[in-house]
Amino acid sequence: MKKQDVINQILGDRLENLANPLLVKAFAPTNIALCKYWGKRDQELNLPVTSSLSISLGSKGTSTELCLNEQAQDIFMLNGEVMSLSSNFSRRLESFLDLFRGRHSWHFRVETKTNIPLAAGLASSASGFAALVLALNKLFDWQLDSHQLSILARLGSGSACRSLWPGFVEWSKGIERSGMDSYGKEISAVWAELCIGLLMVNENEKPISSREAMQRTVDTNMFYSLWPEKVNQDLVAIKKAIDEKDFLLLGKTAESNALTMHSLMLSAWPPIQYALPETVAVTQKIWALRQQGIAVYFTQDAGPNLKLLFLSADAALIQSHFPTLEIIKPFETSSSLE
Ligand code: 2P0
């Protein structure tokens, strides 16, 4: 099945809606997976092999302004700069927008502002596609529900389907070939004491995209067949931890899940290693702090940077050990997804 078939199924006649003449705006938070999405059962539709579970980072994310462009080409801006149409950023946006041009062949002006480092494994494409879908929904007045919006966001980037809500979100893998049952769902839980610390090790663009890295893992690693069962167990543990506010269970499970994902990449061929020497040094420091009885854990995505997990009672102590740490309290900011 092609992306356009899914769009047609969701939007039907609404694909021909006239666009709102005004500028519309939308915000979506970035999300960090506590149980990772790593591997697809359908590359065209970004359908995952397993479910995954994330936490959104409050006001950290992407704000997008969208309007029609009168000229016969798109204009893309990122953090105030006009992007070349041949850049990777523009090409990904353009091909996504191709799905929504309808018989009017609309062209768009998209102004994206993000307050997270791009391409540094901080899920900027997730909040970017989620914000764009929210903006399109407003521009064309589609009035889609959140699950339909989540499916559209997934077509841009898999993890984007988890970026439509604050707090914890589970992306159910679904079993249908169309992916109509593969979307994010909010988990209604508040954990005010939970902190995420962003520890930037390196802001350079990653050497290999997560899209390519996950496919290579699936294609070349015989141990990948064990990953779905690992995820099943971790999802149960993380949901229990959220339910019972059991931080040690949450931290241990999230860290183990991330380390398993990275060890699968290391044993793919050619091997993939996102960690830099500084990343390794920080993970060892975290393990040493735990030996001293300090409850701090980490997770790592497709990049060298780490996200630390700890509770607010330990925030000052953790900050003293990692002076450059940016601390986010996901449940403190009421992030508006207008
Ligand atoms: C996640 N990551 O669950 C995992 C963990 C990175 C590491 O989802 O190909 O940009 O667009 O569906 O969503 C990053 O992959 O990949 C990602 P596509 P995506 O957050």
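Tutor: A residue counts as buried when its relative accessible area is under 20%, as exposed when it is over 50%, and as partly exposed in between. Keep in mind that the model is predicted.

In the sequence Glu 229 is 193 residues apart from Lys 36, and in the model the C-alpha atoms of the two are separated by 13 Å.

What does the side chain of Glu 170 meet in a polar contact? The partner is the side chain of Lys 239, at 3.0 Å. Once neighbours within four places in sequence are set aside, the residues in contact with Glu 170 include Ser 51, Ser 52, Leu 53, Tyr 183 and Leu 235, along with Lys 239.

Strand β8 also takes part in the aromatic pairs. There are 10 such pairs in the count. One of them joins Tyr 37 and Trp 171, with the ring centres 4.6 Å apart and the planes at 65 degrees, an edge-to-face arrangement. This pair brings together distant parts of the chain: Trp 171 is in strand β8, while Tyr 37 is in the loop between β1 (24-35) and β2 (40-42), 134 residues apart. Are these two residues buried or exposed? Tyr 37 is buried, because its relative accessibility is 10%. Trp 171 is buried too, because its relative accessibility is 0%.

Another pair is formed by Phe 247 and Tyr 297, again edge-to-face, with 5.8 Å between centres and 70 degrees between planes. Here too distant parts of the chain are linked, with Phe 247 in helix α7 and Tyr 297 in strand β11, 50 residues apart. Both Phe 247 and Tyr 297 are buried.

Strands of a sheet pair through backbone hydrogen bonds, and the pairing is either parallel or antiparallel. This sheet is open, has 4 strands in the order β11-β12-β10-β13, and its pairing is antiparallel. At the edges are β11 (297-300) and β13 (326-328), each of which pairs on one side only. Direction ignored, neighbouring strands are turned against each other by 30 degrees on average.

Look next at β10 and β12. Strand β10 spans residues 194-199, strand β12 spans residues 306-311, and the two pair in the antiparallel sense over 6 bridges. In one of these bridges, Cys 195 has Phe 310 in β12 as its partner.

Two helices pack on this sheet. Helix α7 touches β10, β11 and β12, and its direction makes about 35 degrees with that of β11. Helix α8 also touches β10, β11 and β12, but its direction makes about 155 degrees with that of β11.

What lies between α7 and α8? The loop between α7 (247-266) and α8 (277-291) holds Pro 270. The peptide bond that joins Trp 269 and Pro 270 is cis, with omega about -10 degrees. A separate side-chain detail is that Lys 285 lies over the face of Phe 322, at 4.5 Å from the ring centre.

Asn 79 is in the loop between β5 (75-78) and β6 (81-82). Its phi is near 50 degrees, which is positive although the residue is not glycine. Asn 79 is partly exposed, because its relative accessible area is 43%. Asp 141 has a positive phi as well, near 50 degrees, and it is not glycine either. Its loop runs between α3 (124-139) and α4 (146-156). With a relative accessibility of 47%, Asp 141 counts as partly exposed.

Last, there is one aromatic cluster to find in the model. It is formed by Phe 96, Phe 100, Trp 106, Phe 108, Phe 129, Phe 140 and Trp 142.

Technical notes: Residues numbered from 1 in each chain as written. Predicted model: local features only at pLDDT ≥ 70, side-chain atom pairs only at ≥ 80, totals over all residues. Heavy atoms only, no water. Polar contact = N/O pair within 3.5 Å; in protein donor to acceptor, adjacent residues only side chain to side chain. Contact = heavy atoms within 4.5 Å. Buried < 20%, exposed > 50% of the residue type's maximum accessible area, 1.4 Å probe, protein only. Pairing = 2+ DSSP bridges. Axes fitted to C-alpha atoms, helices over the stretch in contact; angles between N-to-C directions. Phe/Tyr/Trp six-rings, centres within 6.5 Å; stacked < 30°, edge-to-face > 60°. Lys NZ or Arg CZ within 6 Å of the ring centre and 35° of its normal.
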